[in-house]
Amino acid sequence: MYDVKKGYEIAKEFYARYGIDVDKAIEIADKTPISMHCWQGDDVGGLEKKEEKSLTGGIQTTGNYPGKATNGEQLRADIDEAMKFIPGTLRMNLHANYAEADTFVERDEIKPEHFAKWMKWAKERGVALDFNPTYFAHPKSTDRGTLSCADEETRKFWVRHGIACRKIGQYFAEQQGSKCIINHWTPDGDKEVPFDTLAPRMRLKQSYDEIFAATEDCKDVMDGIESKVFGIGVESYTVGSHEFCMGYVMNAHKDHIIMTLDAGHYHPTETVSAKLSGIYTFSDHVLLHVTRAVRWDSDHVVGFEDETRAIFEELVRMNKLQDTYIATDFFDASINRICAWVIGLRNTRKAILAALLQPVAKEKEIENAWDVSARLAWKEEFRAAPFSLVWDYYCAKTNKGVGLDWLGEVKDYEKNVQFKR
């Protein structure tokens, strides 16, 4: 039988040679919140009571694996099952289309009471809630846009939706005693490059201005502004581009408006890890969406891969981990959805812990001495560090399953619960 404690002691001895406190790293990693996204469990379908809607806005969930959640009770049960195997502090990230009302409520009229079941569930588990306006999968999310739409009636509808969402976020914050992190992303764009690229962006700016002006008294709400390079059907022009979103955040001069960096929303040669210090030069906080891009598609299950690790190494080296709001954002319908959550969230936590086990102080000392040969030697040496032994110990200590111990129980749940839906 695998002796987790023995492996941990060996790893601890290795890291001690380089002045790394393994126990402290585990403590920080465990306390760092990750906001788990609810929409993996039902392929971004939502819980609104109305006729079936297509998933519009350049978003596409591929696959038809059986057993997805079809109502709020099933979705929350699946989340509970996934959380059994995800170590560390978790939050729950909701989209507005996960409102639960007895009769259909239009998105510009949603209120806190429509999320009462989520709040009750969250309080029972000691989990804080985050929130997202849903500017897609709706008859009014047309190819003419949402917050940037030239039709004033449509634009105003989505402005009212944004206002309603910020008020719900404030309610969440009041109820849970911690800030609610809201992310604003619009799917607006064009399949071809339009003649007028400025006017839609001016309207998007106007809409954000109106949302924040109408809710300037909202407290304890942080607002991330998220860009995307393109989406399906809007391949040539995105209104909320990176330059637009960064410009808006930096010129808003409001502490609650921050940049959202999504690891899958940039060109293949761009990386979020390379952008972080540029943003943090001018901003105190960042909202990070952890996902994995594969060529043009941005929402694959998070892997323990180079870029995921580089993002958290950069945050630790800058001493900005505690200032970063971390959330996952992926959806895969080709595999068991609980497995997707567990794999993606465990890899996110794993990357945080791995970053905290880097010899940051020594690395900076070497760099300050401009010993570039030693810098490369140290960097490469720690690629083979016995990190997995520490991770296994952490998972055993938190009773979240060592290695693949969790997989058998999830497969039993799949057979006995999900496949019977």
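Trainee: At roughly what angle do the axes of H2 and H13 cross?
Mentor: A bit of housekeeping: this is a predicted model in which local features need pLDDT of at least 70 and side-chain atom pairs count only at pLDDT 80 or more, while totals for chains, interfaces and linings use all residues. Residues are numbered from 1 along each chain as its sequence is written, and side-chain values use heavy atoms, with hydrogens and water left out. Helices (H or I, at least four residues) and strands (E, at least two) are DSSP runs numbered from the N terminus, and axes are lines fitted to C-alpha atoms, for helices over the stretch in contact, with angles from 0 to 180 degrees between N-to-C directions. The axes of H2 and H13 come within 11 Å, and the crossing angle is roughly 55 degrees.

Trainee: What does that make H2 relative to H13?
Mentor: Angles under 35 degrees count as roughly parallel, over 145 as roughly antiparallel, 65 to 115 as roughly perpendicular and the rest as oblique. The angle between H2 and H13, roughly 55 degrees, therefore makes the pair oblique.

Trainee: Is the crossing of H2 and H13 left-handed or right-handed?
Mentor: A crossing is left-handed if the near helix is turned anticlockwise from the far one by less than a right angle, and right-handed if clockwise. H2 passes H13 in a crossing that is right-handed.

Trainee: Which residues of H13 are in that contact?
Mentor: Contact means heavy atoms within 4.5 Å. H2 brings Val-22, Ile-26, Ala-29 and Asp-30. On the H13 side sit Val-390, Tyr-393 and Tyr-394.

Trainee: What about H2 and H10: how many residues of their contact are nonpolar?
Mentor: H2 (residues 22–31) and H10 pack at about 145 degrees with axes 9 Å apart, and Ala-25, Ile-26, Ile-28, Ala-29 and Asp-30 of H2 meet Arg-349, Ile-352, Leu-353 and Leu-356 of H10. Ala, Val, Leu, Ile, Met, Phe, Trp, Tyr, Cys and Pro count as nonpolar, Asp, Glu, Lys and Arg as charged, and the others, Gly among them, as polar. On that basis the contact of H2 with H10 has two charged residues, no polar ones, and a nonpolar count of seven.

Trainee: Where else does H13 pack: what is its crossing angle with H1?
Mentor: Val-4, Lys-5, Gly-7, Tyr-8, Ala-11 and Tyr-15 of H1 meet Phe-387, Leu-389, Val-390, Asp-392, Tyr-393 and Ala-396 of H13. The crossing of H1 and H13 is left-handed. The axes of H1 (residues 4–16) and H13 (residues 387–397) come within 8 Å, crossing at roughly 130 degrees.

Trainee: Which residues does Leu-353 contact, leaving aside neighbours within four places in sequence?
Mentor: Leu-353 is one of the H10 residues meeting H2. With those neighbours left aside, its contacts are Ala-25, Ile-26, Ala-29, Phe-387, Val-390, Trp-391 and Tyr-394.

Trainee: What is the relative accessible area of Asp-329?
Mentor: Asp-329 lies in the loop between strand E12 (324–328) and H10. Not counting residues up to four places away in sequence, Asp-329 touches His-37, Trp-39, Glu-226, Asp-262, His-289, Val-290, Thr-291 and Asp-299. Buried means under 20% relative accessible area, exposed over 50%, partly exposed in between (1.4 Å probe, protein chains only). Asp-329 is buried, at 9%.

Trainee: Is Leu-315 buried or exposed?
Mentor: Leu-315 is found in H9 (residues 306–317). Beyond its neighbours within four places in sequence, Leu-315 contacts Leu-276, Tyr-280, Leu-288, Lys-320, Leu-321 and Thr-324. With a relative accessible area of 0%, Leu-315 is buried.

Trainee: What is the phi of Asp-220?
Mentor: Most residues other than glycine have a negative phi. Asp-220 is in the loop between H6 (198–214) and E6 (221–226), and is partly exposed at 46% relative accessible area. Although it is not a glycine, Asp-220 has a positive phi of about 60 degrees.

Trainee: And what does Asn-399 count as by relative accessibility?
Mentor: Asn-399 sits in the loop between H13 and H14 (405–416), with a positive phi near 60 degrees. At 66% relative accessibility, Asn-399 counts as exposed.
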